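Visitor: I am new to this structure and would like to learn how to read it. Could you walk me through it?

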Amino acid sequence: MREAVVTFILGFNYFVGAYFGVVNTIYACLLAMSLCAILRHIKRIKYAPMRDFHLSSQTPPVSILIPVHNEVNVVCKSVRASLACDYPLFEVIVINDGSHDDTLKAVIERFRLAKIDRVYREFLETETVKGFYAGAETPNLLVIDKEQGGKADALNCGINASRSPYFCSVDADSLLEKDALIRIMSPVLDSNVPVIACGGVVRVLNGIVIKDEITIQEIELPKNRLVLFQIVEYIRGFMFGRVGWNALNSLLILSGTFSMFHKQTVIDAGGFSVGNVSEDMEMIVRLHRHKRSQGKPYHIRFISDPICWTEVPVNMKMLARQRRRWHLGLIQSICENSEMLLNPRYGIIGMVVMPYYVFFEVVGPLIEVTGYFVVALSYVVGILSMKFLILFLTLAILYGVFLSTAGVFLEEITFRRYPRWRHLFLLMLYGVFENFGYRQINSFWRLQAVVNFLIGRTHWEHVQHKGRHEKGGHR
Amino acid sequence: MHDSVIVIVIVIAIASILLLTAVLLLASIVRRGRNSRRHRQLDGLRGMYRGSVRQAIASGSIATCEKMLRSKPGSFAWQAVEEVLLELMAENRHTGEVKALLRRLGYVEFYENRLGRRNVLARASAIDKLGKIGCSSSTSHLLPLLDSSDPEILSVTVRALSRLRAKEGLVAMIERLPTLLGKSLVTRKAMETALLNFGGEAIPYLTAYRLDHNDPWILSCVLEMLSFLPSDPRSLSLAISQLGSANPEVRSKALKVIGSDGYAISPQASDLILPLLQDPVWFVRLQAVKSVKELSCESAAKLLEKLLFDDNWQVRSESALALTRLGNCAIDVFYDALKTKDIYAKESICEEIEKTRFSDRLIEHLDDADETLRAKSREILRLMHSLRFSIPLLAYVEAGKNERIKQEVRHLLTLGEDR
């Protein structure tokens, strides 16, 4: 028995060593690619024809879709920020997804809307629509009231009502920067290949001082440590994860908080999947599948300058829910499109990106948590080498610190949204601290998601938003 | 032995990562420090030069401060002066004087020299700057770049030339239309936007260009550009001549030119447009409806009625919208159309009637002396209500002034839905 355990432990150790080597090599490659791509993008911005796009007849109309469910605290501010976008022709469609609170009433009263009759065609099947609201003061605002069906259903409803060729999904707890829309549309206008989806950078809103509810007045870091960890995580994820995959035209994730899509392609692909708890990721995977099976050229892009600020969870309970949901969504998306996995017909997506997500993102937490047990088991059977344990832990932690530092460095050489010296040091410091506890608990939540998936607990875990209603934002 | 190799590998990896992390950390700190100093200096210099330039403007000529503005190319002062002067140009103040000053200070020459760089980003940046400075003498330096094979260089050059607004630039761009439009989508979009900067000046070249080239794709692009330029008889005549083209893109763009603002269309021209309402291609029909809408052409009513039942929803909606512009003569058309069984067509009609407030006119007719008009208006409103387009009726009951109409409307609202 002891011999079998020892063999297992030794085998596992070799496996983990190889696994660790491969995953970190991939990260290093992504980092190198991101660095080149971001530096090039930053230089191009200087002569990018943003103003021309703004005046051009070629700039297509866009619908901003904001699905809301019990968001009375934040909805009006979000709508105001979206309406303030600097873009030639756009409409804002708020989809009230069966809220039980006063969300609908708040929007109607704030924007002086009245019920209207409107032709509604169900290109995508959704829950029943109860009514449409519009007003003379904001002619480009439409509110749809519908039965509850989830975020994906609300987005599908917005797509049905939209009359623009492109739509942009924005979360109700988010704040768009004024030029974010024209920037996120620039790949569409500036590409030789049809761009069917594009994502922009999402930053953490907590701590930001906001003027007139819609303008960012001052960028500050919050005092909440959990939020600080998430800021470092967002910077790392957006600055090198997505930029790197984008360079290979193989993005599998765009944040539903702020992404733009070509409407007809989404309709052709069947719209957002109602059963999936991470509809944004599943949509991107399905778009790849749809377009690759058609054999037509397309791009799904991520650009690092359009910015949307979003609230992140401020306590462990809400963060756990969010992270479980994200991971569950990832597993569901892969399972629903498993035909693509290791299928040469889907090119780099099927042969590289999907396997990467399966073997490193889905299975990763399982291996990490198993690793902790194996360490304990090694100690019990008396074969634990403290020297190797310390060396390996040091290597793993230092690599984590290196990646966070690299993320902050990329931010520093590009957009520098956190302007003070204190911000720089605090972000670097939290990049170190996150390796002691925060990363591990994240792995635990992700493992919980795997277990939930296996036992069939796949319901949407709602994350409550605090709302930025305190004077001068919330620090 | 085996263990010691692993230990050495891990230790080397740890040391490398530590070193890399330290480098990144140091680079971030150094960069932030350098940028803070640089921005402080630039802000100070910008403030100083802005003040001097404004004083010089107040004294009559900005040329008086030329000596003070002179600095070494690439220095902070050089950058600050450039930004201050371009700011002035963006405000459309003293444009001529500022351009001349930028030339005397050596900016034009500096960027013209950079056009020879191999690096695409550096070259594109220089082209863009020359466009912003707007010295027409730079045109000759930019023209050879129109033959570049890089779409990025091409699109930046096209934009820069359009800012310079020199005739040679325009001629050179039009001569290369097939290459510029066909090279890439990016260049095509840049070209279509850039030509608009030339305004009416571009029209004779665009219309004359077409005489020598009959490629339908180029022709449709030319017509598209003409539709955004000011109205001109030459554009109109070209558009009319192309209404019978075999290519649907060309027919559609020709209609777009005709439907754009400012054209007084002769009855002969409207005779040419009306048959296109029955074009086999939907986007030609759509454009024809839009043109007819602009012309408010009453003779089109019967043809538009057919289009209310078109397969394409955009054509249906646009036809309903065009009909609402025709006034009372549309009532008969709506009356007949709403009696049919086509739910898609009926809903499009109702939406346009409500959106354009044609419904208000129908409600007012409920108290009209003309009995036929009253009956038809009443029936249309009843049918709209049956299709759940009742908001104008409800609004009238709430805020209307005529009691007789209100009573009539209340009666209509009591009728059930027969959807």
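Visitor: Which domains does the assignment give for chain B?

Guide: Domain bounds come from an automatic or database domain assignment. For chain B that assignment gives domain 1 (198–295) and domain 2 (304–419). Before we go on, please note that this is a predicted model, in which local features need pLDDT of at least 70, side-chain atom pairs count only at pLDDT 80 or more, and totals for chains, interfaces and linings use all residues. Residues are numbered from 1 along each chain as its sequence is written, while chains are lettered from A and ligands numbered from 1 in the order in which they are written.

Visitor: How many residues of domain 1 of chain B are in contact with domain 2 of chain B?

Guide: Two residues are in contact if their C-beta atoms, placed from the backbone, lie within 7 Å. Here eight residues of domain 1 of chain B meet eleven residues of domain 2 of chain B. On the domain 1 side of chain B, five of the residues are nonpolar, none polar and three charged. For these classes, Ala, Val, Leu, Ile, Met, Phe, Trp, Tyr, Cys and Pro count as nonpolar, Asp, Glu, Lys and Arg as charged, and the others, Gly among them, as polar. The C-alpha centres of the two domains of chain B are 33 Å apart.

Visitor: What is the radius of gyration of chain B?

Guide: The radius of gyration is taken over C-alpha atoms, and the globule rule is 2.2 Å times the number of residues to the power 0.38. Chain B has 32 Å, whereas a compact globule of 419 residues would have a value near 22 Å. For chain A the radius is 23 Å, close to the 23 Å from the rule for 475 residues, so chain A is as compact as a globular protein of that length.

Visitor: How many helices and strands does each chain have?

Guide: Helices (H or I, at least four residues) and strands (E, at least two) are DSSP runs, numbered from the N terminus. Chain A has 15 helices and twelve strands, and chain B has 25 helices and zero strands.

Visitor: How many residues does each chain bring to the contact between them?

Guide: Chain B brings 36 residues and chain A brings 35. H1(B) supplies the largest share of the chain B side, 14 residues. That side of chain B divides into 20 nonpolar, six polar and ten charged residues. The predictor gives the complex an ipTM of 0.80 and a pTM of 0.82.

Visitor: Why does A:Arg203 count as buried?

Guide: A residue is buried if 20 or more other C-beta atoms lie within 10 Å of its own, exposed if 12 or fewer, and partly exposed in between, with C-beta atoms placed from the backbone. A:Arg203 counts as buried because it has 26 C-beta neighbours inside 10 Å. You will find A:Arg203 in strand S8 (residues 195–204) of chain A. Its contacts, leaving out residues up to four places away in sequence, are A:Tyr234, A:Ile307, A:Trp309 and A:Arg417.

Visitor: Which residues have the most contacts inside the largest nonpolar core?

Guide: In soluble globular proteins, nonpolar side chains tend to be buried together. A nonpolar core is a set of buried Ala, Val, Leu, Ile, Met, Phe, Trp, Tyr and Cys residues joined through C-beta atoms within 7 Å. The largest one here has 122 residues, and A:Ile66, A:Leu181 and A:Ile284 have the most contacts inside it. Helix H7 (residues 225–247) of chain A gives the most to this core, eleven residues.
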